Amino acid sequence: MRKAITTQERSRRYFILEGITGIGQFSLTTGNFLAGFISFLGGSETLNGRIGVIHVAMGIFQIFSTLILSHGHRSRKEKVISIAIILRIFMSATYFVPYILMRLGASPTIMMAGFISCFVLAYICNGLISPIISSWMIDLSPLQIRGKYLAYREKLSLGIVAVCTIVLGRVLDYNKMLGQEFVGFLFLGAVLVIMGVLNIYALIHIEDVPTDETKKENAFLKRLCAPILDPVFSKIILMYIFWNLGLFVGAPFMAVYMVDVLNLSYTYMMTMTVVTILVRVAFTSWWGNLADKKSWFLSGSISVMLLGLTHFSWGFITPDNYKILIPLVHVTVGFAWAGAGISLFNMQFLFAKQKTRTMSVSVNSAIGGLVSIVAVFLGSYIVECVGENGMRWTFFLSGMIILLCPIYIHKVLKRLHMHIIQD
């Protein structure tokens with residue numbers, strides 16, 4: 001006899017669909033797709049790198065998520081859906097708007113401005129609801145199954161996105177060969193529309209969970225400062241400062257490096273992306289089980305250390321050796337991200353107080369967004385000053401800074417958590 005599915009179980013399944021479509025739209029508007037489109041529109045390497053960090057920089061708007069929760073009488077679910085609709089509309093329009101502007105006779109500069117406007121507005125909306133959705137999902141995922149569930153959700157999402165990625169990469173190369181590269185990006189836009197509709201469908205069918213955070217009456221500034229002044233959560237914020245600085249001083253230039261310096265085809269780049277995804281899918285459950293059996297600190301320390309070494313290794317890639325090193329770093333980064341993604345996501349929830357959880361995560365993301373802006377401008381400065389090998393130096397710097405994070409996790413966060421449990 002089949003066991004009846006509870007409302008929470010059904011909601012977690014819809015959160016998987018939300019993850020598939022959300023990660024799908026993210027993948028098709030960032031990374032190699034984004035770098036290729038900006039290059040196609042005539043953007044420079046530094047502009048490409050700076051646009052590549054916008055989706056993280058817009059995390060500064062996450063601090064306003066608690067205002068959304070506390071304002072008005074609508075439920076958390078209703079508020080999320082209303083903003084998510086706007087988010088998916090702008091996300092779906094990113095590749096269509098420049099095409100429409102081109103058909104109207106606009107210059108490449110205006111087309112670029114139209115693209116950036118849609119891109120920024122989409123990720124502003126994403127910043128407003130991301131911490132609310134994350135907190136909502138945590139409320140529906142008991143701690144004893146959280147590692148396994150988050151790993152399964154990410155594994156399934158990435159697996160489906162991998163298939164879309166390699167197919168769409170081939171579509172772009174085919175249209176580029178025919179001299180119709182824009183048609184390939186319009187095809188991407190059509191897929192974004194379908195994913196946007198399915199994302200809203202998933203949110204509509206997820207159970208709403210009441211939260212005390214919707215009834216806060218404290219002054220916004222006081223709530224904003226609380227996580228920063230908290231002697232415990234402030235340690236998490238400091239770790240994420242190192243993380244975002246290290247990650248975004250080099251990461252936005254990796255796709256640019258493959259497009260503009262190595263001159264790789266979309267099919268090859270997407271194949272490497274799929275390799276990364278497949279490795280990440282294969283090992284996400286392993287990292288989740290390690291976290292459940294041992295700790296999130298162990299999984300976080302090891303995976304982030306490997307990620308730092310991988311970023312550092314990018315600095316050795318040249319047009320002469322990329323056929324060997326590019327596949328190697330993509331395999332390694334897939335294994336590392338399988339653990340780092342779920343570990344860093346969950347680690348902040350271990351230290352955030354229940355009553356201020358959404359604001360704590362929002363402030364952490366907002367500070368991370370500001371740091372990412374500083375990081376990408378630092379990376380751009382290095383690229384402009386050093387010249388041809390500037391991007392390789394950003395990879396070296398990125399790896400060295402990221403390697404500070406596992407040391408911090410082991411020496412500070414792990415000991416802090418043990419002390420909290422003992423108290």
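**Close-up 1. Lys79, a buried lysine in helix α6 of this predicted model.** Look for Lys79 in helix α6, the stretch covering residues 76–93. Lys79 is buried, yet there's no salt bridge for it here. Which side chain of opposite charge is nearest to Lys79? That's Glu78, and it sits 7.8 Å away. A salt bridge would need a side-chain nitrogen of Lys or Arg within 4 Å of a carboxyl oxygen of Asp or Glu. What the side chain of Lys79 does have is a polar atom 3.0 Å from the backbone oxygen of Ile68.

**Close-up 2. Helix α12 meets helix α17.** Here we've got helix α12 (residues 233–250) and helix α17 (residues 357–386), whose axes come within 8 Å and cross at roughly 30°. Angles under 35 degrees count as roughly parallel, so that's the word for how α12 runs relative to α17. As for handedness, α12 goes past α17 in a right-handed crossing.

**Close-up 3. Helix α2 packs with helix α13.** This pair is made up of α2 (residues 31–40) and α13 (residues 252–261). Their axes are 9 Å apart, and the packing angle is about 50°. That angle makes α2 oblique to α13. The crossing of α2 past α13 is right-handed.

**Close-up 4. Tyr95, tucked into a loop and buried.** You'll find Tyr95 in the loop between α6 and α7, the latter being residues 96–103. Is Tyr95 buried or exposed? It's buried, because its relative accessible area is 0%, and buried means under 20%. Phe185 is 90 residues from Tyr95 in sequence, but in space the two are 6.2 Å apart, C-alpha to C-alpha.

Note on methods. Residues are numbered from 1 along each chain as its sequence is written. This is a predicted model: local features need pLDDT of at least 70, side-chain atom pairs count only at pLDDT 80 or more; totals for chains, interfaces and linings use all residues. Side-chain values use heavy atoms; hydrogens and water are left out. Helices (H or I, at least four residues) and strands (E, at least two) are DSSP runs, numbered from the N terminus. Buried means under 20% relative accessible area, exposed over 50%, partly exposed in between (1.4 Å probe, protein chains only). Lys and Arg count as positive and Asp and Glu as negative; His and the chain ends are not counted. A polar contact is a pair of N or O atoms within 3.5 Å; within protein, one must be able to donate a hydrogen and the other to accept it, and residues adjacent in sequence count only if both atoms are side-chain atoms. Axes are lines fitted to C-alpha atoms, for helices over the stretch in contact, and angles run from 0 to 180 degrees between N-to-C directions. Angles under 35 degrees count as roughly parallel, over 145 as roughly antiparallel, 65 to 115 as roughly perpendicular and the rest as oblique. A crossing is left-handed if the near helix is turned anticlockwise from the far one by less than a right angle, and right-handed if clockwise.
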